[in-house]
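I opened this entry to record what I looked up about nonpolar packing and aromatic pairs. The notes follow in the order of the look-ups.

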Amino acid sequence: MGTETTDIFERLRNGEIISSDDPQAHQLREASYATKELLVQMNNSTNPAEIRNLLSQMTGSEIDESVAVFTPLYINYGKHTNIGKNVFINFDCTFLDLGGITIEDNVLIAPKVSLLSEGHPIAPENRQSLVPGRIHIKKNAWIGANATILPGVTIGENAVVAAGAVVSKDVPDNVIVGGIPAKIIKAI
């Protein structure tokens, strides 16, 4: 199927690099502005049920009542984020989800965590393009304060990402990683 007939959001989910001159590129900003309207409401709410409801509208999927989100939370699209049960998302997190973000059950996300499922090419002539890379955080992982998870990274089950870490490579199950770039500190 050609670029002209395939939805730009589906192409991102499939890992396709989107050129800045893509005929559908304008849809990315339009969708982000629509999400921002919901974010303003959500980030001004103190009602947990209302926060989950607005997040459900952003993601296009039901957010379980066991999920707790301490706002503010920033998301640029939303429809490519999947959140499991019993997830805790603390204050001031940023999710760039055009490349896809999956957060499984029982995950803890500390304040100021950035999940960045999209980036740009290194080559200056292509830098305006968008390169998606799905982020997957497996069950019972704990992402420490101010950690950054980069595109294409999977965080293993029961893994711990230390505060301030920058994770650029997959993290195995049952380990603690830390540093810039993040490296295995020890097994759990």
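Predicted model: local features only at pLDDT ≥ 70, side-chain atom pairs only at ≥ 80, totals over all residues.

Leaving aside neighbours within four places in sequence, I found Ile155 in contact with His136, Ile137, Lys138, Ala141, Ile143, Ile149, Val161, Val167 and Val171.

I then turned to the largest nonpolar core, which has 39 residues. Phe95, Ile103, Ile109, Leu115 and Ile155 touch the most other members. Among the elements that give two or more residues to this core are helices H2 (26–43) and H3 (48–59) and strand S17 (175–178). H3 supplies the largest share, four residues.

Next I looked up Met58, which is found in helix H3. I noted Met58 as buried because its relative accessibility is 1%, under the 20% cut-off. Not counting residues up to four places away in sequence, Met58 touches Thr35, Leu38, Leu39, Met42, Ile75, Tyr77, Gly78 and Lys79.

Last, I searched the whole structure for aromatic pairs and found three. Phe9 and Tyr77 form a stacked pair, 4.5 Å centre to centre with 5° between the planes. This pair links Phe9 in helix H1 to Tyr77 in the loop between S2 and strand S3, 68 residues apart. Both Phe9 and Tyr77 are buried. Phe70 and Phe88 form an edge-to-face pair, 4.9 Å centre to centre with 85° between the planes. I recorded Phe70 as partly exposed at 36% relative accessibility, and Phe88 as partly exposed at 23%. Phe70, Phe88 and Phe91 form one aromatic cluster.

Methods: Residues numbered from 1 in each chain as written. Heavy atoms only, no water. Core = buried A, V, L, I, M, F, W, Y, C linked by side-chain atoms within 4.5 Å. Buried < 20%, exposed > 50% of the residue type's maximum accessible area, 1.4 Å probe, protein only. Contact = heavy atoms within 4.5 Å. Phe/Tyr/Trp six-rings, centres within 6.5 Å; stacked < 30°, edge-to-face > 60°.
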